[in-house]
Amino acid sequence: MSDYILELQEISKSFPGVQALDGVDFNLRAGEVHALVGENGAGKSTLIKVVSGVHQPDAGEIQFQGRSVTFANPLIAQQHGIAAIYQEPTLFPDLDVAENIFMGRQPLQPVTRRINRRQMYEEAGKLLRSLGMNLDPHTRVRGLSFADQQMVEIAKALSVNAQVLIMDEPTSALTLREVANLFRIARQLRDAGTAIAFISHRLEEAFELADRITVLRDGHYIGTRAVHDVTLDEVIHMMVGRTLDNMFPKQEVEQGEVMLRVDGLTKEGLFYDVSFELHRGEILGLAGLVGAGRTEVARAIFGVEPADRGIIWLNGHEAHIRSPKDALALGIAYLPENRQQHGLVLPMNITQNVTLPILREFARLGWVDRVAEQRAAQSFAERLDVRAAGLWQKVRELSGGNQQKVVLAKWLAARPQILILDEPTRGIDVGTKAAVHQLMSTLVAQGFAILMISSELPEILGMSDRIVVMYEGRVTGRFTRAEATQEKIIAAATASAPIAENTEIQCL
């Protein structure tokens, strides 16, 4: 009898122009957390989609509880006790929370066989409370934040009493408190005998939660190590084939004039009296927990949802930004937190996405010069090292990190002066993070100004020249790079310590 509840042997899977998996091994024991790590494009998501029945392998064998099985579709995998939480929520936005949790498995009345809605909402409420969520099961999903949607996905997976639970980047949009709660639940499930496959680009999370770590690189199996037998640097070397000597390559850049200033920016119910300055050659970090109002401020500056009051100044002149078109015309670009919903046109290819903001430049008498368009897209794709079968590849087929690179390429093509980057490395592997950080540092050296929103404290501390912290829609702290600490930022982000107005608390 095998020691493993799930075992994948020599799994291979290819797509047009791409060998996603090539002879990969992976296994899970009951009652363990097994982390699966690797750079974007390493094959992690493809492998879990093979396990969950979304993809069928071209070669190799899957064994479940010691028997060879074929998961022809996700329903069959689910019937075997396998549940998956994917990186991006896959919910029905016009249904409520309970309906999403029990989709296809609604409890029925014994005689009429109609949906027992009372039971469904009661069970959904219990699940949500077990996750520490004070969320009404009757709430429509469309109005939920990204973090709440991810927690609904987790509740949905837990509702099937899975023997194998696959978590693909489950913490990417969660607060520190929500992450701690999720890890508590994961440990409870593990101790109860559930096998958990945990995929995360935050390697510190893998070391905190997992018992074993398996590394993939370019679709190949590199190795499996017990967490207590390997170091973070060794795992990074296995992932990228090289050491990363500088994760935060922050250059010292002489700051210039104030390029962006916001005075008393307010949008009722979202944020209040927000003021700050952004200089040429500066990265200004905007920190805080999920729901603090950071993204809403960025969207107001970019004209997606203009503020109710307050003034935006650009290069010393008052700016009237009522739409993204206005912002782009003034040299502001915005990379959104949710790249799939707000940053990309998924059915279009790489070239079409990159050149979308500047398509007029290639128009001649009503026709698009495709050769010039392709040349421009190629330049930016090479600059950001977008890994794909070709520029013709649909962006929905790319890994999360490469999708993020395409969004960055699109906005750089628009030649802005001010970049607003909302969670620029969310869901990106450690190697790509270093590359994005290097690009940011290079851009500010060239005279760009960057407003960076991030929930990752090491990123905020490592890349910011100054830091503004928000809590419940208000600025609660202003920090300089030289004196900043994680503790002071967390204190400001949770309002756990009073901070005097206009006090410059400096953080590393």
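**View 1. Buried residues of helix α6 in the predicted model**. Seven names make up the buried set here: Val 179, Asn 181, Leu 182, Phe 183, Ile 185, Ala 186 and Arg 190. Their cover includes helices α4 (117-130), α5 (146-158) and α7 (203-209). Strands β3 (33-37), β7 (164-168) and β8 (195-199) also contribute to that cover.

**View 2. Helix α6 from end to end**. The helix spans residues 176-191, 16 residues in total. From first C-alpha to last, α6 reaches 22 Å, close to the 22 Å expected at 1.5 Å a residue. Gly 193 follows α6, with a positive phi near 110 degrees.

**View 3. The largest nonpolar core**. This core holds 79 residues. Phe 276 and Ile 301 have the most contacts inside it. Helix α14 (residues 400-413) supplies the largest share, 7 residues. A second, separate core has 52 residues, including Leu 131, Leu 135, Val 152 and Phe 183. Phe 183 is also one of the buried residues of α6.

**View 4. Contacts of Phe 276**. Neighbours within four places in sequence are left aside. Phe 276 then touches Leu 260, Arg 261, Val 262, Leu 284 and Val 297, among others. Its contacts also include Ile 301, Leu 451, Val 468 and Arg 478.

**View 5. Helix α1, largely enclosed**. Helix α1 covers residues 44-51. Of its 8 residues, 6 are buried, so the rest of the structure largely encloses α1. The buried residues are Lys 44, Thr 46, Leu 47, Ile 48, Val 50 and Val 51. Just after α1 comes Gly 53, with a positive phi of about 85 degrees.

Note on methods
Residues are numbered from 1 along each chain as its sequence is written. This is a predicted model: local features need pLDDT of at least 70, side-chain atom pairs count only at pLDDT 80 or more; totals for chains, interfaces and linings use all residues. Side-chain values use heavy atoms; hydrogens and water are left out. Helices (H or I, at least four residues) and strands (E, at least two) are DSSP runs, numbered from the N terminus. The expected span of a helix is 1.5 Å times one less than its number of residues. Buried means under 20% relative accessible area, exposed over 50%, partly exposed in between (1.4 Å probe, protein chains only). Contact means heavy atoms within 4.5 Å. A nonpolar core is a set of buried Ala, Val, Leu, Ile, Met, Phe, Trp, Tyr and Cys residues joined through side-chain atoms within 4.5 Å.
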